[in-house]
Amino acid sequence: MERSALFQRQLQLTPNGQLRHFLDVEGLPKTLLTQILDTAESFSSVANQNVKKVPILRGKTIINLFFEASTRTRTTFELAAKRLSADVLNMNISTSATKKGESLLDTLHNLEAMHCDMFVVRHAMSGAAHFFAQHVAPHISVLNAGDGQHAHPTQAMLDAFTIRQVKGSFDGLTIAIVGDIYHSRVARSQIHAFKTLGAKEVRVVGPRTLIPQHIASLGVTAFHQLEPGIADADVVIMLRLQKERMSSALLPSEEEYFRLYGLTMDKLKAAKPNVTVMHPGPINRGVEMDSEVADGAHSVILQQVTNGIAVRMAVMSLAMQSGQSPELKG
Amino acid sequence: MADTPNVDSLINTLGQQLSTYLSAQNITNPLMIGIHTGGAWVAEKLHNQLQLSQPLGTLNISFYRDDFTSIGLHPQVKPSELPASVENQDIILVDDVLHTGRTIRAALNEVFDYGRPQSVTLAVLIERDHRELPICAQVVGQRLTLNPGENIKLTQQNNQLRLVTLKRA
C-alpha cells in the first residue's frame, strides 16, 4: 500500500478496523465501503416512517462546522443527525470567534469543552478535516464534509450508493466523470470509491486546463473530447465548473465550454442506451448540461440528494459505534 | 441440553393456535410483521399457512436496540418493509425466540414510529425463561427452560429451518 493510503487508513480506523473518522475514501478497504452502503440501505426505510427518526444517537451532540458555504451538504448532514435523534448545532464560522482572531485549534478546544461527540467539518483549505482529526479528544469523531480541492468522501459514497441502487453492482461498469476535474474534491473521492468498489473503468473527461497532469496515477484514463470520453459509458457524472476556485483564465467562455463539453440529449447517444446521468449539484443549466438532460429520464440527480441523507446517517452511526460485532439475543 | 424440536411442525402448531386466538379476539384482517432475521422466516411460513390477505411486513430493529453504545450496529440486516400504514391495524408481531424481551421492546417502539395500531399480538416460536422486561407473548409454539449460559436460535440452511442450542463458554 502507498504511504499516503496507509496514513489515511491509520488515521481513520480504530485498531480493530472500525470507522473512527471519515476523512477520505483513499486507503479504506472495500469491506468498509460496502458496510457503509449496506448500512445506508437499512436507513433508507426511515424516510417512510410517520416519525422519521430512529433513537440510536440519542444524547449525542454533533456540531456542523462550516467554514465554507454549502446548502445541500449542510442540510443533509443536519437532517441525517436529526433522524438519528442526535442534537445538532450549526456553527456559522464566518460570523464567529475566528473573525475575532481565535485560532482553529482554540476554536476546536472550546467546542470540545462543550462535551460534543462529533464534528462535521467543511473548509476551503485541503487537509482541514485531517488537522481536526489529529487534534481532537479520543472520544470525538470527525467527518469531512469537503476540504479544499482534496476530498468529499460522503458525496462520493452517496454517488456510489446511487449507482449501486440503479445498476445493482459495480461489476463491469464504465463510469465517466466529466468537467472540472482539477478543482474537484468530489472527483478525487469518486475515483477512489469507484475503483475500490470494483468498477471496470473510470474515465475523466475535460479540457486540458481542467484535468490534473498526473491523473493517470489514480488509475483513470483521461479524455479531452466529450463524445469519445462517454462512449459506451454506463454512468456519466457531470461536475460543476468551480468558477470561485479558478484564479486564472482556464476557459475562454461558458458558452464555448457548453458547446464542447456540455451534455445534451444528442451527445448522450454516444453512451449506453440505459446510461445513468448524475451531478453532485448545484447545476449550472446551460453550462454543464442542458435542462432536457438534467430533468430527463436518464437523470438521477434528485435521487442523489435523497440518498445523501441515508448515507450520512450510515457514516455518522458507524463512526459513533464502539466495541465489537453484536450477537442478537432476544 | 434441551431437545431441539422439529421446526416445521412447531410452526404448524403455532399457526393453528394463532388462528384460534385471532377468531377469539374477532381479528379478521391482521397485518403480520416478522422481525429480522429469524422472525421473518417464521412469519413467512405463518403468513402462507393462515392465507392472510394483507402482504407480509418485516422489521429491522437494529436502530432501536438499547445496546448500540456497547455493541454497535448489527451488520447487513435488510431494511424494514411495512406494506401498508399501521394506523388502526391489528398487528401480529412474529419472532423466533422470546428471551429477554428487549427485541420486542425495540420492535414496539419502531412500529409506533410508523403510526398508531389498533392492537399488537405477539406470536413466538419459542418462549424461553429469563425475561428482563415485563413483556409476554399471546401465542407460543413451545415453552423451554434452558440452563444458565445456554441459548437457542433459529438458523436457515438449504431452505431448511433448524433450531440450535448454543452453550456459551
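Which side chain makes a polar contact with the side chain of B:Ser80? The side chain of B:Glu110 does, at 2.7 Å; a polar contact is a pair of N or O atoms within 3.5 Å, where within protein one must be able to donate a hydrogen and the other to accept it, and residues adjacent in sequence count only if both atoms are side-chain atoms.

## Basis

This is a predicted model, in which local features need pLDDT of at least 70 and side-chain atom pairs count only at pLDDT 80 or more, while totals for chains, interfaces and linings use all residues. Residues are numbered from 1 along each chain as its sequence is written, chains are lettered from A and ligands numbered from 1 in the order in which they are written, and side-chain values use heavy atoms, with hydrogens and water left out.

B:Ser80 sits in the loop between helix H3 (68-71) and strand S3 of chain B. Helices (H or I, at least four residues) and strands (E, at least two) are DSSP runs, numbered from the N terminus. The relative accessibility of B:Ser80 is 5%, so the residue counts as buried; buried means under 20% relative accessible area, exposed over 50% and partly exposed in between, with a 1.4 Å probe and protein chains only.

The side chain of B:Ser80 also reaches the backbone nitrogen of B:Asn60, at 2.9 Å. Neighbours within four places in sequence aside, B:Ser80 is in contact (heavy atoms within 4.5 Å) with A:Ser45, B:Thr58, B:Leu59, B:Asn60, B:Glu110 and B:Tyr114.

## Chain B: overall form

Chain B has four helices and seven strands, which run α-β-α-β-α-β-α-β-β-β-β from the N terminus. Its C-alpha trace spans about 45 × 40 × 35 Å along the principal axes. A compact globule of 169 residues would have a radius of gyration near 15 Å, and the 15 Å of chain B agrees; the radius is taken over C-alpha atoms, and the globule rule is 2.2 Å times the number of residues to the power 0.38.

Of the 169 residues, 54% count as buried. Among contacts in chain B with a separation of 6 or more, 68% join residues 24 or more positions apart.

## Chain B: the sheet

Five strands of chain B form an open parallel sheet in the order S2-S1-S3-S4-S5; two strands pair if DSSP finds at least two bridges between them. Strands S2 (57-59) and S5 (139-144) of chain B stand at the edges with a single partner strand each, so one side of each has no neighbour in the sheet. From one strand to the next the twist averages 25°. Strands S1 (residues 31-35) and S3 (residues 90-98) of chain B pair over four bridges, and B:Met32 has B:Ile92 as its bridge partner in S3(B).

Helix H1 (residues 7-24) of chain B lies across S1, S3, S4 (119-128) and S5, at about 135° to S5(B). Helix H4 (residues 102-114) of chain B lies across S1, S2, S3 and S4, at about 155° to S3(B). Axes are lines fitted to C-alpha atoms, for helices over the stretch in contact, and angles run from 0 to 180 degrees between N-to-C directions.

## Nonpolar cores

A nonpolar core is a set of buried Ala, Val, Leu, Ile, Met, Phe, Trp, Tyr and Cys residues joined through side-chain atoms within 4.5 Å. In the largest, of 89 residues, A:Phe43, A:Phe194 and A:Met316 touch the most other members. Helix H12 (residues 301-320) of chain A gives the most to this core, with 10 residues. Apart from it lies another core of 26 residues, including B:Leu14 and B:Val97.

A:Val315, in helix H12 of chain A, is buried at 0% relative accessible area.
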